[in-house]
Amino acid sequence: MNETISKVINNTIKKTIKSSQRILSVKAQEQGYVITFDAMASPCEVLMQTNDLALAKLVGRAVSDEVWRIEDKFSRYNKNSVCYQINHSSGQNIAIDEECYLLLNFAEQCYQLSDGLFDISAGILNQVWHFDGSANIASAKQVASVLPLVGWENISYQPNSITLPQGMALDFGGIGKEYAVDRSILLAKQITKLPVLVNLGGDLAVTGPRLNGLPWQVAIESIEGTKLNNDNNKDDKDTIIALYQGALATSGDSKRFLVKDGRRYSHVLNALTGWPIEQAPKSITTLAPQCIQAGMLATLALLQGEGAEQFLTEQEVTYWSRR
Amino acid sequence: MIYPDNKNSKQHSQSNQHSQLKKANVKMALSMAAGALLGTGVMVNDAKAEVLKDWQFDSAFLFYSEGERVTAAEVIVSGNKTFANDEILNLKLTIDSLTGASANGAVVQAQAQTFTRPSGEGQYVTPAGETPLDDTFKDTRVQLNAQWTQPLAENYTGSIGGHFSKEFDYLSLGVNGNLAVDFYKKNSTISLGLSHFQDTFTPMGGIPKPYASMPIGDSNSASWDEDLAKTRIGSSDKKVTSDVLLGFTQVINRRMITQFNYSYSMVRGYLTDPFKIVSVLDQQGTAQDYIYENRPNERNKQSTFAQAKYHFDQNLLNSVLDISYRYMWDDWQIKSHTLDSTLYMPLSSRFGKQSYLQPHIRYYQQSAAKFYRPYTFAEQENKTTPDENYISADYRIGAMDAVTLGVKYGFSLNNGNDFSVRLEYYRQMPNNAGFDEPSELSSLTVYPVVQAVIFQLSYSFL
């Protein structure tokens, strides 16, 4: 396979990877360089079509610094992060900066577009749901005990402050990685006109096509036991996508689900009911001009459950789904 | 305290309403939200990706039946391999098998007619009032095409190909080359194509002598082989075809694309159909003789073609209308008009399976070649010299109208695999281009309608 192929790694989020070391590694490729690093619990890479090693390092450093900055600022676990401070504000008004405000604004619009199904205050539901492939679904009582702590409508925020009711928590996990991809692309474009691809654990974007208008080749890795929706049984190989322009984001994870009485519960939770979405595809990969659009389209589609593909078709979105 | 069930049921009624309202604009709203977040403008359509077709296969089975006439079955398997730098290799295998009866050119009579088979071995009899059909028509053709396409430089794409086709009595070899140049940000493409074919025809029973009378007699008699040999001028002959195609494609906007072609085709060599004869009638219209047809040994054909595809928006169900028109003319004085149209109508999708319905309508009109005669008259034939005069009663180069009506149903899966079924009805209506009809033929069908049914199954997979 061509060296420029960027493997999209399924983000099996290993909690065991503690804040991994912040190291960049640079490797020469047939037509450029690849810079790899770890961030946001995922393997990350920057591909660049150039012979200029110094330039490649410059772009790699700018991108990794930006990704780590966003991780530090919006991580739930980092005690110095804005997110941690908000979540531990005990109902007090907390000062926020413009970037945080813009992200909250984006989250609010997603909340409204999804009629409340997507809610960045829903992370707390993971206290009762453990998607380990077992049949241990949460009890109605358990769900009812945490559900009152979910609800974007109870949060008030202004351009420079936020008030989060006691007990509630925000989780930027659903948008942070895609946001970091888009920020990285903007930075890379400021530095160079040469083609760059930024891949953060499978969510990726390009600054444009490769030289001579050729596409980047991106593999959507096949997940064991799933197949791309094609009725073609022999097909368990990766699907190679030629990406000319824009971003690809994948939502869903075959390893994080529950099965009980033959029903499959996806790890995607309906923020209104606190229950998993049923009959959703195992994963959806979407194409959009920017990664945060692609990621949100994939997430909104999963939230439609059985109607995921129909939703994307109606929205005239290019996508690949696995069931 | 809010109970999950309460909340759930409330949500359901709400979301159904809302999703109806918001159906059309989620993508746009997200683009605007992302633009505000990232400080970029609103980016809606700045994305392009496709599944890289490693090996993509198209397969099709086609069945064509003219009822009591020709029946054809065809299998096509085509493979496309895309390489790392956008080089594409296409290999295509076509096998078709034809059986049945085809019109031999002789005109219908009020009495039974007897003809010699093209091989010279044996005879067949056409009942009174029926169009004479030669029922020995049977052939299997194997065709192989290979095409290599690659970018030559930015905006330049080159392609070369080879063609091999073999039938029992026919061999065709061909090469082609094509150059396409994109400009105006790839919204316009000019292409130039050249092709060259060399065909060898070795018909059963040899090449008949033009204007010679078809010998009709006992093929077991002692003198038969000698009589037959007198009407033959060889065992095989050749034909050379050279084509030039000039094309222009223009993207008008996001929804519309147009294409214009001009082609010039030169054919040299043996263009006569060795199996076709012409009835020689007396004044009343009774066949006195059957002579072998004769066509010019060159033909220069030109055609112009215009096509427009329009992709409608949601108000018209995202359907795609395809309309094309072709005008063809040649120095045999055949002129033809073809109007073709399909409407691709997506149906609702489920689990990523997108289905569609595609009606098809085609209208074709053709004028007769200058040497076409449905029959000739005895006294007329005595005056002609074969070297200067050509004659054919093959209805396929006579005046006609034809209509095709069809529908295709298909469903494509979101990764590009595609299955379709096509059913079409074809009706060919030859007509009299102003030839006098002798009294004996007036109650007979000189220009019979040909009807055919076409059924096709196609499957494309990665």
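I began with the contacts of His196(B): setting aside neighbours within four places in sequence, I found Gly174(B), Val175(B) and Ser242(B) in contact with this residue. I note that the model is predicted.

I then placed His196(B) in its secondary structure; the residue belongs to strand E10 of chain B, which spans residues 188–201.

Strand E2(B), residues 55–65, pairs with strand E3(B), residues 71–82, in the antiparallel sense, and I recorded 11 bridges. Within this pairing, Ile76(B) in E3(B) lies opposite Ala60(B). The two strands form a hairpin with five residues between them, and in the turn Gly67(B) has a positive phi of about 70 degrees.

I followed E3(B) to strand E4(B), residues 88–103; the two run antiparallel and are joined by 12 bridges. Here I noted Ser97(B) in E4(B) as the bridge partner of Ala73(B). The hairpin of E3(B) and E4(B) has five residues between its strands, and Asp86(B) adopts a positive phi near 70 degrees.

Lastly I consulted the totals for chain A. I found seven helices and 16 strands. Of the 323 residues in chain A, 49% are buried. Among chain A contacts between residues at least 6 apart in sequence, 66% join residues at least 24 apart.

Terms used. Residues numbered from 1 in each chain as written. Chains lettered and ligands numbered in written order. Predicted model: local features only at pLDDT ≥ 70, side-chain atom pairs only at ≥ 80, totals over all residues. Helix = DSSP H or I, 4+ residues; strand = E, 2+ residues; numbered from the N terminus. Contact = placed C-beta atoms within 7 Å. Buried ≥ 20, exposed ≤ 12 C-beta atoms within 10 Å, placed from the backbone. Pairing = 2+ DSSP bridges.
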